[in-house]
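Dear colleague,

I am passing on the structure below, with some notes on one group of strands that follow it. Please read them with the structure open beside you.

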Amino acid sequence: MFSLLWRFFPGPAWLRAIVLAAVAVALVYVLVAYVYPWVALQFPEQEVTVDS
Amino acid sequence: MIGELLLLGGIGVLGYIVWQPWHTGTTVVEKQRDLAAQDSAKWAAEAKPYDGVVPVAAAPAAGEVFAVLHAPAFGTSYANRIAETTDWWTVLNLDDKGIGHYEKTQMPGEPGNFALAAHRSGPLINSFREIMNLRVGDPLFVETADGWYTYRFRSIEYVLPDETDVLNPFPRLEGTPGTDQILTMTTCHPKLAGSDERAIAYSVFESFQPQSDGPPAELVKLNPTMAGAQAPRGDAS
């Protein structure tokens, strides 16, 4: 899969490295901004109150 | 191919494990600090003259932010907003509120029990994460539009979730309120493994300082950011 990615983008090696780094940064941004906050909501919440 | 996908998935899960403490420990804490500073500045700007009687905060509407808790024991610059009710999705789980006031308990400034609840762990907001850092004599400052109510931490205990008498006007005792003013904080216990029990921290009211006098000297000493990072107070505003 990593070799497929490497062959997917055109251009010289240094350009591919830059493009792949940019893709990785975008992926991390999407994870932090959208995916992880959504995952956080899927956990069962902890009770903190004494019941009335 | 499958191995590489599993590798990526593992890195993704690892990323979540890194992200969650960073989110609740840094992002949300800073957001609360900023929101609290805005509230402080607003209250200081509209400070009323003090007539010598400790004011009782007016009962707010459900979900409304009416106070800020400053607790240097939870972190030097710790400040977290307090809103009415202990409902999950209107107060406790929201990272712009986090601490909820039990509606049936009393307010700061009147005899009785000012009881609060907040999360101690979890991925959303952990306002009471450092509750076990409290030591006897540690100050807790509740700031409202009227001023600063200073409480002194006394003790902590573990109870079962149905022991509601910790919310009594004097915790654990039956009867009408005396003259004591108690701050009770409830949160989950154990910290990270479910919530079969509750940790309950008690503090006793000590003094009141009107909003027009600025933050208490003890708070500024423990949390130097209170002196500089906030909007100008008093005459300067």
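Strand β1 (residues 65-70) of chain B is largely enclosed by the rest of the structure, because five of its six residues are buried; a residue counts as buried if 20 or more other C-beta atoms lie within 10 Å of its own, as exposed if 12 or fewer do, and as partly exposed in between, with the C-beta atoms placed from the backbone. Strands here are DSSP runs of E of at least two residues, numbered from the N terminus, and two of them pair if DSSP finds at least two bridges between them.

This is a predicted model, in which local features need pLDDT of at least 70 and side-chain atom pairs count only at pLDDT 80 or more, while totals for chains, interfaces and linings use all residues. Residues are numbered from 1 along each chain as its sequence is written, and chains are lettered from A and ligands numbered from 1 in the order in which they are written.

β1(B) runs antiparallel to strand β2 (residues 79-84) of chain B, to which five bridges join it, and antiparallel to strand β5 (residues 139-143) of chain B, with three bridges. H70(B) stands opposite A79(B) in β2(B) and opposite F141(B) in β5(B), whereas L69(B) has V142(B) as its bridge partner in β5(B).

In β5(B), five of the five residues are buried, so this strand too is largely enclosed by the rest of the structure. P139(B), F141(B) and E143(B) cover one side, and L140(B) and V142(B) the other. β5(B) also pairs with strand β6 (residues 147-159) of chain B, in the antiparallel sense and over five bridges, and the two form a hairpin with three residues between them.

Best regards

Definitions and conventions:
Helix = DSSP H or I, 4+ residues; strand = E, 2+ residues; numbered from the N terminus.
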